[in-house]
Amino acid sequence: GWGVWRLAHAFETSRKLDWIMRSHAFTARQAHDEVPEVEQRIDAFAQQIIERAKQNTDEEILIVGHSSGTILAISALARAITQYPPLFRHKAKIALLTLGQCTPMLSLLPRATRFRQELAVLAQQQDLLWVDLSSNTDQICSPKVDQFAICDIAVPPQGKGITTCLISPPFYLMTGVNSKTRNHAEIFDLHFKYLKHFESEEPLPPSSV
């Protein structure tokens with residue numbers, strides 16, 4: 001029994017299963033509205049967006065989220081729009097940037113009705129640009145996924161709704177890590193490369209983006 005436990009523990013540690021399962025469990029609690037403290041933080045972020053836009057001092061306001069934080073960024077922006085409809089009438093252009101997004105982890109859960117409604121709010125914003133930068137090399141994210149299509153959310157015709165740009169950067173060209181020989185520690189580390197510097201300073205070829 002001890003030997004089996006040691007093997008199971010080594011397997012879990014090498015693949016970061018504890019971190020992944022805790023993330024999924026927390027997201028399930030979000031879908032069931034069981035994390036009120038997080039909802040309060042999202043509402044506070046929404047108010048910050050509104051107050052910043054009202055200042056009329058910025059050329060652009062960029063809302064950024066990484067990994068499961070992309071869920072919070074989406075919700076904060078959607079609530080800012082709902083609470084303050086004139087949001088896009090101010091000086092600053094507002095855009096959304098998601099990095100290594102894990103949005104389907106919540107949006108596809110049956111009880112995540114509120115979050116899908118928030119996605120629907122974004123879909124209607126013709127002045128909003130959403131850039132998603134999620135790499136095919138990153139096995140923890142959901143790259144090049146149409147967030148609206150998978151949730152059956154209608155998007156107005158081009159020019160009348162949100163503009164989305166899905167980009168999958170080939171991290172292996174910048175990190176020197178062979179995509180076919182990566183170990184599990186490197187797979188986990190790649191998920192956080194969006195927030196780090198790269199070993200290579202060579203620019204990416206235009207065809208890779």
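Helices here are DSSP runs of H or I with at least four residues, strands are DSSP runs of E with at least two, and both are numbered from the N terminus. With that settled, hello everyone, and let's begin with a helix. V38 is found in helix α3, residues 36-54. Before I go on, a word on the source: this is a predicted model, in which local features need pLDDT of at least 70 and side-chain atom pairs count only at pLDDT 80 or more, while totals for chains, interfaces and linings use all residues. Residues are numbered from 1 along each chain as its sequence is written, and side-chain values use heavy atoms, with hydrogens and water left out.

Back to V38. Is V38 buried or exposed? I call a residue buried under 20% relative accessible area, exposed over 50%, and partly exposed in between, using a 1.4 Å probe and protein chains only. V38 has a relative accessible area of 16%, so it is buried. Not counting residues up to four places away in sequence, V38 touches F26, Q30 and L72, where contact means heavy atoms within 4.5 Å. V38 and L72 are 34 residues apart in sequence, and their C-alpha atoms are 8.7 Å apart in space.

Now the overall picture. The protein has eight helices and four strands, and from the N terminus on the elements run α-α-α-β-α-β-α-α-β-β-α-α. Of the 209 residues, 42% are buried. Take the contacts between residues at least 6 apart in sequence: 79% of them join residues at least 24 apart.

Next, the sheet. The four strands form an open sheet in the order β1-β2-β3-β4, with parallel pairing; two strands pair if DSSP finds at least two bridges between them. Which strands are at the edges? Those are β1 and β4, each pairing on one side only. From one strand to the next, the twist averages 15°. For angles, axes are lines fitted to C-alpha atoms, for helices over the stretch in contact, and the angles run from 0 to 180 degrees between N-to-C directions.

Let me walk you across the strands. Five bridges join β2 to β3, which run parallel. A95 stands opposite L129 in β3, and L97 stands opposite V131 in β3. Helix α4 packs on the sheet, touching β1, β2 and β3, and its direction makes about 145° with that of β1. On to the next pair: β3 and β4 run parallel, joined by five bridges, and V131 stands opposite C165 in β4.

How do α4 and α6 meet? Two packed helices are described by the angle between their axes and the distance between the axes. For α4 and α6 the angle is about 65°, with the axes 9 Å apart. The crossing of α4 and α6 is left-handed, a term for the near helix being turned anticlockwise from the far one by less than a right angle, with right-handed for clockwise. On the α4 side we have I71, I74, S75, L77, A78, R79, I81 and T82, meeting R114, F115, E118, L119, V121 and L122 in α6. The residues of this contact divide into nine nonpolar, two polar and three charged. Ala, Val, Leu, Ile, Met, Phe, Trp, Tyr, Cys and Pro count as nonpolar, Asp, Glu, Lys and Arg as charged, and the others, Gly among them, as polar.

Last stop, the loops. Most residues other than glycine have a negative phi, and most peptide bonds are trans. S67 is not a glycine, yet it has a positive phi of about 60°. S67 lies in the loop between β1 (60-66) and α4, and it is buried, with a relative accessible area of 7%. D152, not a glycine either, also has a positive phi of about 60°. D152 sits in the loop between β3 and β4, and with a relative accessible area of 71% it is exposed.

Finally, P169 lies in the loop between β4 (163-167) and α7 (171-175). P169 is buried, at a relative accessible area of 5%.
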